[in-house]
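This report is meant for someone meeting the structure for the first time. Please keep the sequence and the model in view while reading.

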Amino acid sequence: MKILSIETSCDETAISLLSISKNKIEVLGDALASQAKLHEQYGGVFPNLARREHQKNSIPLLIKVLKDSKNLTYLKSKIDDKKINKLKTILIREPELLEHITNHILNIKAPKIDLIAVTKGPGLEPALWVGISFAKALSELWDIPMIGVNHMEGHIASVLMNKKQISKSEFNISNKKQFPALSLLVSGGHTELVLVKDWGKYKVIGQTKDDAVGEAFDKAARILGLPYPGGPQISTLAETIRNKENQTSDIKLPRPMMYTKDFDFSFSGLKTAVLYTVRDIPQITEQIKTEIAKEFEDAAVDVLIHKTKKAIEHFKVKTLIVGGGVSANKHLRNNLQAMVNELNINLHIPDKALSTDNAIMIAIAGYLNVYKKKKIINQRNIKAEGHLKF
Ligand code: KG4
Ligand code: ZN
């Protein structure tokens, strides 16, 4: 089936068109606009700016996807006024989107698409609403059913698109032997361990009590005077001394919640420890900065690895799926690889483009929803759910 997907939960506007069947996933068109640079000055994502940018970006991205997938045909006849009035009602709170649709989409012939999948949460509600309203408008205009998708299920589902398999076995929709799987989701907004018993059967077994790990990387970087997003910056600094012999350091940071009985995390104390360390040292040289970066990365990765390993053993997990921006971290990847080798289980880390926010994963999650229910239930009344849980 052909699925058009829309992702606007945070600071990436992404739209894609996929052809998905049980055995094959094909990307027909994929477009993404990142706002990361715009939010840089705020040191984090600014919701109303994100909303405006999503409104501005959605239409050009959709047109690009339709064009790339050879679905862009213009109508000769006029669209009827009833439809236009309906669109006005749907987009009452998104006037800018209505204007763009009226100017650029109304004269496009309805493409042959079976389903529109849109992220309904979790995420920033003003941002989510843009994608949802856009999906509702297209669903109405083109008579295509739509469904709302959980963004986190998207991250897990992205593993089905993995080209470079790191593991021994193929991960596919109908392979039951891969379950139970565990998903470690590490991004700027999330740190979660999700037990995946089967597609559609998810249970959050652990999560952060405060900051997400990526957020802690970003905040620690800011304390060290490094630009946003700080994760890659800290990592690059840490790498410069990671494999050097005879490197000793007096910098010591805590491993919060590492030995608690649950599978939860806490990263805000680690960030505060960086703040106190910097405050107590009279002069922060480049060398000390590098040592703090390395000790921070070690601490964060130690906790992630320890809890993930504990969960794998406890739930007798066969496959580990890692998603989110922090999965790009080299030290984390090396430690994950060593851990799965020791435990003899499969590891799947999607390519960078698929582990950070994208629309491809939303289309796949949309397909899984239909696959599990064996039918499409049109959900034109969905709402944005900023704190959506599994
Ligand atoms: O998934 P993502 O692109 O966006 C969301 O948060 O939704 O993740 C971004 C986060 C940022 O906090 C960034 O600092 C972190 O991922 N990150 C990294 C690395 N690359 C990105 N953290 C540590 N090491 C990295 N190499
Ligand atoms: Zn995400």
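## Salt bridges across the chain

The model is a predicted one, and the count of salt bridges in it comes to 25. One of them joins lysine 372 to aspartate 198, with the closest N and O atoms 3.5 Å apart. This pair links distant parts of the chain, since lysine 372 belongs to helix α13 (residues 360-373) and aspartate 198 to strand β7 (residues 191-198), 174 residues apart.

Another salt bridge is formed by aspartate 262 and lysine 307, whose closest N and O atoms are 3.3 Å apart. Here aspartate 262 sits in the loop between α8 and α9 (268-280), while lysine 307 is part of helix α10 (residues 286-314), and the two are 45 residues apart. Aspartate 262 is partly exposed at 28% relative accessibility, but lysine 307 is buried, with a relative accessible area of 0%.

## A network of charges

Salt bridges also link several residues into a network, which consists of Glu239, Arg242, Lys294, Glu297, Asp298 and Lys330. Within this group, the side chains of lysine 330 and glutamate 239 meet at 3.8 Å, N to O.

## Helix α13

The buried residues include Ile360, Met361, Ile362, Leu368 and Val370. After the helix comes lysine 374, which has a positive phi, near 65 degrees.

Two tyrosines of this helix, tyrosine 367 and tyrosine 371, are 4 residues apart, about one turn of the helix. An α-helix has 3.6 residues a turn, so residues three or four places apart point the same way. Tyrosine 367 is buried, with a relative accessible area of 9%, while tyrosine 371 is partly exposed at 28% relative accessibility.

## Aromatic pairs and charges over rings

The structure holds 6 aromatic pairs. Among them is the edge-to-face pair of phenylalanine 179 and tryptophan 199, with 5.6 Å from centre to centre and 90 degrees between the planes. Phenylalanine 179 lies in the loop between α6 (151-157) and β6 (181-186) and tryptophan 199 in the loop between β7 and β8 (201-207), so this pair ties together parts that are 20 residues apart in sequence. Both phenylalanine 179 and tryptophan 199 are buried. Tyrosine 367 and tyrosine 371 form a stacked pair, with 6.0 Å centre to centre and 25 degrees between the planes.

Rings also take part in contacts with charged side chains. The charged end of arginine 93 sits over the ring of tryptophan 129, at 4.8 Å from its centre, and the charged end of lysine 310 sits over the ring of phenylalanine 263, at 5.3 Å from its centre.

Technical notes
Residues are numbered from 1 along each chain as its sequence is written. Chains are lettered from A and ligands numbered from 1 in the order in which they are written. This is a predicted model: local features need pLDDT of at least 70, side-chain atom pairs count only at pLDDT 80 or more; totals for chains, interfaces and linings use all residues. Side-chain values use heavy atoms; hydrogens and water are left out. A salt bridge is a side-chain nitrogen of Lys or Arg within 4 Å of a carboxyl oxygen of Asp or Glu. Buried means under 20% relative accessible area, exposed over 50%, partly exposed in between (1.4 Å probe, protein chains only). Rings of Phe, Tyr and Trp (its six-membered ring) pair if their centres lie within 6.5 Å; planes under 30 degrees apart count as stacked, over 60 as edge-to-face and the rest as tilted. A charge sits over a ring if NZ of Lys or CZ of Arg is within 6 Å of the ring centre and within 35 degrees of the ring normal.
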